Amino acid sequence: MIELHNVWRLYRMGRETINALASINLEISEGEFVSIVGPSGSGKSTLLNIIGGLDSPTTGRIEVDGQDLSKASDKELSSYRNKKVGVVFQTFNLQSTHSALENVSLPLVFARVPLRKRNQIAEEVMKTVGLSGRLKHTPSQLSGGERQRVAIARALVNNPKILLADEPTGNLDSKTSEQIMGLLTSLNKERGITLVLVTHDLKTAEHADRMIQMFDGQIAGAADRK
Amino acid sequence: MSLLDFLRSAFFNLGRRKLRSSLTILAVVIGASLVSLLLSLGIGVEGFLTAQIRAMMPPNVVMVAYSEQVFEIGFTGPMFGGKPEEISEDEGGSRFDLKPLTAQNREDIEALEHVERTDPYILLTADSVRLQGAEAKFRTALSSLPAYQAEMRQLVAGRHITDQSLGECIIANGYLESFGFQQPQDALGQKLVIQVKQAKGIFGLPSEIKDFNFEIVGVAEKTVNSTEIMISIEDGKEIARFWADSPNMYSDELPPSILQAKVDGSQYAAQVAQEIEDLGLGAMTSDDVLGVIGTIFGIIQAVLSAFGLIALGVASLGVINTLIMAIYERTREIGVMKAVGASKSTIRLLFTVEGASIGFLGGIIGVAIAYALGSAINWVSHITFLKDFETFKISVFPWWLIVGVIALSTIIALLAALYPAHRASNLDPIEALRYE
Ligand SMILES: Nc1ncnc2c1ncn2[C@@H]1O[C@H](COP(=O)(O)OP(=O)(O)OP(=O)(O)O)[C@@H](O)[C@H]1O
Ligand SMILES: [Mg+2]
């Protein structure tokens, strides 16, 4: 499903070159739940962004579902971000001036779904993440856990095959974190959605089928739990 | 994203920063209202002049003289000014040197296809007009017209003169007041005395003064020509012969210098004029005159609307500024939109539509304000200096002016939005999401 071949991501800072990712080879199959752990600055977010089509490798090749992202045009990449993957960020990244419902339906806007249908789908998805009573709330009127549910609903609204989550519970208390983790794992188990989860928390990481350890931009080790 | 979504988003975002958006729109409003008001005034005045000229010189008439220059005196020479022209020797010094057309010329013209008839163009000078039996004398401009031209004047009372009319006239509306008639009908059947002094008198030579008697058979509608008295060609000839002390004038012996040829359809006027020029004569149609007026008004309007265009240009800087500020404020939002599937072209269009909306709103409000001002000007003018011209409007708003100015402001704002839109579309999603 997801294949990375010798992927490098370099940042040039004056004379210095930072290898955010160095020679990454990775394969993730459909329906798999992979967690990525590693110290701060090890390249976890960079890897996730490349899988999410938000960033491109400096060299190397990434293929998702047979589509070569490194060669994709802006149109193809944006459609990939719109329909194939959903991304959940640590900082939620919601539109503060729009209601929860509008936030959730944003990807549908770019998928050219008409307004009425958009609201219908978004409402449905919000129900599955347990937010039926919060449609008209703006992000500032929601709790942290609710905001993250809105972000998850938004990531799911176009029915993607892949869900990428970058420390989705980093800003939440432990009880809320557990609820969010429960929601994500159930999406993987019950809907067969491919889940890639970046986390600091080893306990959380252990829910995954496979745990990937990153260090200095490289994959330092992998543990298969199956 | 559908067009509706783009518009929804544009108006939502404009509504978020009401004061800033309003000020930016206000700048467009000023430019748009300036352009449309100035153009509407130009259109109104030009339309008025055109109507007046059309009434005096019908579209199916071609004026003919021995040379094109005869017409240039009146129409292009003094209006354009410029440096004195060099002349060739055989041209002669005076442009007022009217060479008569020959009888052969007239026959040639009448033989042309589409030419129905020719009449002499008679220039008349009368000293005064008065009601028979009354003392008060008034100024007058006599027009000696073939019936088909006289019939183009709208009457408020009576009937038109015919080609056979002798001693009959139609008076301009203004004379009703001068002669003290309450109703146009009161003037009908009244007798006028037109006094003519021979031209020789100008040079101090002994000259005669003669009274010509006319009966009022019609009263014309109000026009700019408030001293016009219309008489038939035959009456005109008689007065002209006395004035010039030349009994043979306008006969084959002494043909007229200017002929007016009637064409059997105004669409042939230009073609006939060309054929007459091919005969080595000068020709002029009403379209030529209107063309000159059109050119002059075109220049005036271009200059006037340049001010409005400058205002619109300045307003476009406001649009650029507003949108660039918006990009800074909404960097994270742009990042989120890109992250969930907005392509570069979508973001670009989003900002372009937002800019165009500013122009569109400014254009609509600007035209509305100009329309209101124009109506106010029309109203004021009708109770003051244009009292006598109820149907004439100084400010005219044809549909194309309304649509054109709104489109112009929209396009200018759209063009101004292109650069900010390009910048927004090129934001890197990761960096935009990190932006504080
Ligand atoms: N735009 C950038 N310019 C320069 N260096 C960058 C840039 N983005 C990331 N890096 C560097 O790349 C490396 C990997 O960053 P990344 O964000 O992937 O780390 P991370 O594993 O997600 O860390 P954390 O757990 O703190 O989120 C870091 O050393 C970081 O400084
Ligand atoms: Mg990170």
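Student: Which residue has its backbone oxygen 3.4 Å from a polar atom of the side chain of Thr140(B)?
Tutor: Thr140(B) sits in the loop between strand S3 (128-131) and strand S4 (141-145) of chain B, where helices (H or I, at least four residues) and strands (E, at least two) are DSSP runs numbered from the N terminus. The residue is buried, its relative accessible area being 12%; buried means under 20%, exposed over 50% and partly exposed in between, with a 1.4 Å probe and protein chains only. Its side chain makes a polar contact of 3.2 Å with the side chain of Tyr175(B), a polar contact being a pair of N or O atoms within 3.5 Å, of which, within protein, one must be able to donate a hydrogen and the other to accept it, while residues adjacent in sequence count only if both atoms are side-chain atoms. The backbone oxygen at 3.4 Å from a polar atom of the Thr140(B) side chain belongs to Thr227(B).

Student: What pLDDT do local features need here?
Tutor: Residues are numbered from 1 along each chain as its sequence is written, chains are lettered from A and ligands numbered from 1 in the order in which they are written, and side-chain values use heavy atoms, with hydrogens and water left out. This is a predicted model, in which totals for chains, interfaces and linings use all residues and side-chain atom pairs count only at pLDDT 80 or more, whereas local features need pLDDT of at least 70.

Student: How many residues surround ligand 1?
Tutor: A residue is near a molecule or strand if one of its heavy atoms lies within 4 Å of it. The residues around ligand 1 come from chains A and B, so the site is shared between chains. Ser40(A), Gly41(A), Lys44(A), Ser45(A) and Thr46(A) are the closest, and the number of residues surrounding the ligand is 14.

Student: Which element gives the most to the shell around ligand 1?
Tutor: By class, the shell has four nonpolar, seven polar and three charged residues, where Ala, Val, Leu, Ile, Met, Phe, Trp, Tyr, Cys and Pro count as nonpolar, Asp, Glu, Lys and Arg as charged, and the others, Gly among them, as polar. Strand S1 (2-13) and helix H1 (44-51) of chain A each supply at least two of the shell residues. With three residues, the element that gives the most is H1(A).

Student: What percentage of the accessible area of ligand 1 does the protein cover?
Tutor: Oxygen atoms of ligand 1 lie 2.5 Å from an N or O atom in the side chain of Ser40(A) and 2.4 Å from one in the side chain of Thr46(A). Of the 630 Å² of accessible area that ligand 1 has on its own, the protein covers 72%.

Student: What is the phi of Glu167(A), roughly?
Tutor: Glu167(A) is placed in the loop between S7 and helix H6 (174-191) of chain A, and it is buried at a relative accessible area of 12%. A polar side-chain atom of this residue lies 3.5 Å from an oxygen atom of ligand 1. Although Glu167(A) is not a glycine, its phi is positive, at about 45°.

Student: Is Asn159(A) buried or exposed?
Tutor: Asn159(A) belongs to the loop between helix H5 (144-156) and strand S7 (162-166) of chain A, and it has a positive phi of about 55° although it is not a glycine. With a relative accessible area of 61%, Asn159(A) is exposed.

Student: How far apart in space are Phe212(B) and Gly167(B), C-alpha to C-alpha?
Tutor: Phe212(B) is in strand S8 (residues 209-220) of chain B, and it is buried, with a relative accessible area of 6%. Phe212(B) and Gly167(B) are 45 residues apart in sequence, and their C-alpha to C-alpha distance is 8.1 Å.

Notes. Accessible areas come from the Shrake-Rupley method with a 1.4 Å probe; for residues, only the protein chains shown count as cover.
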